[in-house]
Amino acid sequence: MLKNYLRVALRNLRNNKIYSLINVIGLAVGIGCCVIIVLYVNNELGYDKFNKQADQIYRPVAHIFYNGHTMDFALSPSPLGPALQNDFPQVVSYTRMRNFGMPVMRYGDKVFSEPRFLVVDSAFFDVFTVHFLEGNPKTALTQPNSVVLTETMAKKYFGNADPMGKILNADNKRDWMVTGVIEDWPKDSHFRFDFLGSLCTYSDSRSTWWLSNNYYTYLLLRKGTDPSSFQNAVNQDLMKKYFGPQLKTSIGLSADQFTAAGGKWDYSLEPLPSIHLYSHLDYELQPNGDISYIYVFSAIALGILLIACVNFVNLATARSEKRSKEVGIRKTLGSKKSQLVRQFLTESVVLSLLAVVLAIGLVELFLPLFNGISGKEIGLRLFDSLSGIPLLVSLGIAVGLLAGIYPAFYLSSFRPSGALKGETSIKNRKSFLRG
């Protein structure tokens with residue numbers, strides 16, 4: 001039966017080429033726009049999830065209130081990471097990072113200003129997922145004046161030569177020895193870098209002063225750790241053990257007096273995957289996205305798809321007079337309404353699947369332009385996973401059923417006698433979708 005429906009559907013589409021082409025193009029444009037928006041939304045929701053331990057990584061951020069001033073920083077003090085690993089068994093590892101500006105890097109006659117030079121603890125590679133091409137992640141940043149380059153930077157400065165052991169000069173002040181080369185850091189991360197220098201190079205990294213927030217700290221917690229309970233324990237311990245004595249020295253107030261005066265100095269833990277869309281603090285490493293935009297774009301995608309479906313319905317019902325005689329003949333020959341409904345739905349699904357094929361072409365055509373505007377590296381990548389093509393086929397079937405269900409019941413409702421005479425009981429009604 002399905003084979004017969006398909007054969008009839010293809011014959012009808014072939015006999016009505018202009019109508020079929022208009023419908024396919026209309027649906028394809030709608031589906032193509034929807035797919036691009038979905039790819040964008042999926043990319044935004046996937047930030048930092050390429051890290052294998054992403055669900056165990058948290059960033060402590062500061063919330064300070066004193067003397068009528070509120071400060072919410074993405075930063076934390078230098079001794080926070082070491083103290084937490086020492087005092088709490090829940091902390092497997094930590095890493096800090098800091099950007100000391102835009103050094104002018106030199107190698108031979110090559111001179112470039114580099115805005116993405118971060119200095120990090122050697123444990124950076126224990127916390128984050130980094131793929132080394134050369135060097136040892138365990139020792140790459142354990143010594144002062146060591147630097148790890150991305151593959152792009154290695155080619156930029158050294159071409160095809162082996163960069164290991166070579167010296168890069170920064171600002172005519174400091175020499176950095178190349179101790180590793182890694183794959184380029186993914187763009188779907190809330191921070192970017194081209195160089196990773198050893199943080200132990202700077203004496204400030206060994207500071208024990210708690211009242212200055214200068215570093216971005218990331219904690220790798222043990223599996224099963226409750227972040228909320230851990231956060232509460234951390235804040236109680238830090239105030240009594242570390243902040244209290246230094247507050248007394250700095251402003252003459254003990255921890256209890258500071259709190260009694262309405263002051264607050266504590267830290268909350270941000271899950272790594274939520275930073276890009278939910279964190280909007282002072283001194284973020286780079287501008288983040290916003291979850292509200294995700295809701296807006298999702299609504300736009302749904303709206304575009306619905307408009308494409310409504311246009312399909314309008315075109316289908318506009319042809320009702322032409323199809324009425326076909327319905328009359330089929331009913332006279334014994335076709336049931338349910339059979340006609342299935343026939344019209346099959347035509348709709350076939351049109352929709354053809355539109356999906358065209359939409360894939362449109363997406364591949366316009367994605368480079370979209371990436372250029374948005375700064376993304378989004379790709380359709382149909383064959384990267386087993387679910388890619390089935391999802392698009394399912395989308396085509398769903399759109400076909402959604403767009404075709406009203407015309408199917410509309411056209412199959414004609415009375416045989418009236419349909420054969422060109423007179424239908426609903427001929428002069430206006431579709432509620434057409435006004």
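Start by selecting V91 and L221: in β12, L221 is the bridge partner of V91. You are looking at a predicted model, in which local features need pLDDT of at least 70 and side-chain atom pairs count only at pLDDT 80 or more, while totals for chains, interfaces and linings use all residues. Residues are numbered from 1 along each chain as its sequence is written, and side-chain values use heavy atoms, leaving out hydrogens and water.

Strand β3 (residues 91–99) and β12 run antiparallel, joined by six bridges. Strands pair if DSSP finds at least two bridges between them; strands are DSSP runs of E with at least two residues, helices are runs of H or I with at least four, and both are numbered from the N terminus. Select I57 here, and you will find L220 as its bridge partner in β12.

Stay with β12 (residues 216–221) and color it by burial. Six of its six residues are buried (buried is under 20% relative accessible area, exposed over 50%, partly exposed in between, with a 1.4 Å probe and protein chains only). Y216, Y218 and L220 point one way, while T217, L219 and L221 point the other way.

Helix α3 (residues 80–87) is your next stop. Select L80, G81, A83 and L84, its buried residues. They lie on the same side of α3 because they cover an arc of only 165° around the axis, taken from the directions from the helix axis to the C-beta atoms. Among the elements covering them are β1, β3, β12 and α6.

Then pick F124, F128 and L196. These touch the most other members of the largest nonpolar core, which has 53 residues (a core is a set of buried Ala, Val, Leu, Ile, Met, Phe, Trp, Tyr and Cys residues joined through side-chain atoms within 4.5 Å). Helix α6 (residues 227–251) gives the most to this core, with seven residues. A second, separate core has 33 residues, including I31, L277, I294 and L380.

Finish at S189, in the loop between β10 (174–182) and β11 (195–198). S189 counts as buried because its relative accessibility is 0%. Its side chain makes a polar contact of 3.0 Å with the side chain of W185 (a pair of N or O atoms within 3.5 Å; within protein, one must be able to donate a hydrogen and the other to accept it, and residues adjacent in sequence count only if both atoms are side-chain atoms). The S189 side chain also reaches the backbone oxygen of F191 at 2.9 Å.

How values were computed: Contact = heavy atoms within 4.5 Å.
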